[in-house]
Amino acid sequence: MPATQARTRPDAAAVLTKATVRAAELLGLKAVDLAVVLGVSESSVTRLKRGGRLIEQDTREGEFALLLIRVFRSLDPLVGGDDAQRKRWMHTHNRALNGIPAELVRRVEGLARTLNYLDGMRAPA
């Protein structure tokens with residue numbers, strides 16, 4: 001196979017890191033928020049964004065990253081992919097959740113509750 005056709009499999013940690021950073025941005029979360037969600041320092045998030053650090057899937061940080069990505073993937077179709085509406089939903093009080101989703105996801109219980117709520121909203125009736 002010619003070199004131009006050779007394909008390498010992307011590194012799972014690099015993909016997870018990029019998806020996590022992107023999901024946080026699209027959800028309107030600041031670096032400090034992402035740091036709290038992942039349980040790392042804000043400087044670690046800066047390194048994640050610059051590619052100087054990766055999130056391994058089989059770590060606690062990786063588990064939280066996967067949950068945050070699932071929050072994005074569950075919310076995005078509900079708002080029709082609308083950036084402004086997605087961010088508004090994340091930063092506005094939700095009566096069903098009894099809190100602001102962007103604040104709730106900063107705790108393990110709130111992250112899980114927000115994800116369960118969104119998954120329930122998408123489930124067929």
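The notes below go from the whole chain to single residues.

This is a predicted model, in which local features need pLDDT of at least 70, side-chain atom pairs count only at pLDDT 80 or more, and totals for chains, interfaces and linings use all residues. Residues are numbered from 1 along each chain as its sequence is written, and side-chain values use heavy atoms, with hydrogens and water left out.

**The whole chain**

- The chain has 7 helices and 0 strands, where helices (H or I, at least four residues) and strands (E, at least two) are DSSP runs numbered from the N terminus.
- Read from the N terminus, the order of elements is α-α-α-α-α-α-α.
- Along the principal axes, the C-alpha atoms fill a box of roughly 55 × 35 × 25 Å.
- Of the 125 residues in the chain, 38% are buried; buried means under 20% relative accessible area, exposed means over 50%, and partly exposed is in between (1.4 Å probe, protein chains only).
- The accessible surface comes to about 7700 Å², and 51% of it belongs to carbon and sulfur atoms; such areas come from the Shrake-Rupley method with a 1.4 Å probe, and for residues only the protein chains shown count as cover.
- Take the contacts between residues at least 6 apart in sequence: 57% of them join residues at least 24 apart. Here contact means heavy atoms within 4.5 Å.

**Charges and a surface patch**

- The chain carries 20 positive and 14 negative charges, and their mean positions are 3 Å apart.
- In this count Lys and Arg are positive and Asp and Glu negative, while His and the chain ends are not counted; each charge is placed at NZ of Lys, CZ of Arg, CG of Asp or CD of Glu.
- A patch of negative charge on the surface brings together Asp 11, Glu 56, Asp 58 and Glu 63. Patches are made of residues with over 30% relative accessible area and no salt bridge, with like charges joined within 9 Å and nonpolar side chains (Val, Leu, Ile, Met, Phe, Trp, Tyr) within 5 Å.
- Glu 63 sits in helix H4 (residues 60-78) and is partly exposed, with a relative accessible area of 48%.

**Salt bridges**

- Side chains of opposite charge can pair when their charged atoms come close.
- How many salt bridges does the structure hold? There are 7 salt bridges, each being a side-chain nitrogen of Lys or Arg within 4 Å of a carboxyl oxygen of Asp or Glu.
- Arg 53 pairs with Glu 61 at 2.7 Å, N to O, and Glu 61 counts as buried because its relative accessibility is 12%.
- Glu 109 forms a salt bridge with Arg 107 (3.5 Å, N to O), and another with Arg 113, where the closest N and O atoms are 2.8 Å apart.
- Arg 113 and Glu 109 are 4 residues apart in helix H7 (residues 108-122), so about one helical turn separates them.
- A network of salt bridges links Asp 76, Asp 83 and Arg 86.

**The loop between H5 and H6**

- Arg 95 lies in the loop between helix H5 (83-90) and helix H6 (101-104), and counts as exposed because its relative accessibility is 78%.
- From Arg 95 to Asp 83 is 12 residues in sequence and 21 Å in space, C-alpha to C-alpha.
- Asn 98 belongs to the loop between H5 and H6 and is exposed at 61% relative accessibility. Phi of Asn 98 is near 55°, a positive value in a residue other than glycine.
- Ile 100 is found in the loop between H5 and H6 and is partly exposed at 22% relative accessible area.
- Not counting residues up to four places away in sequence, Ile 100 touches Met 90, His 91, Thr 92 and His 93.

**A look at Leu 75**

- Is Leu 75 buried or exposed? Leu 75, in helix H4, is buried because its relative accessibility is 1%.
- Which residues is Leu 75 in contact with, leaving aside neighbours within four places in sequence? They are Leu 27, Arg 86, Trp 89, Met 90 and Leu 118.
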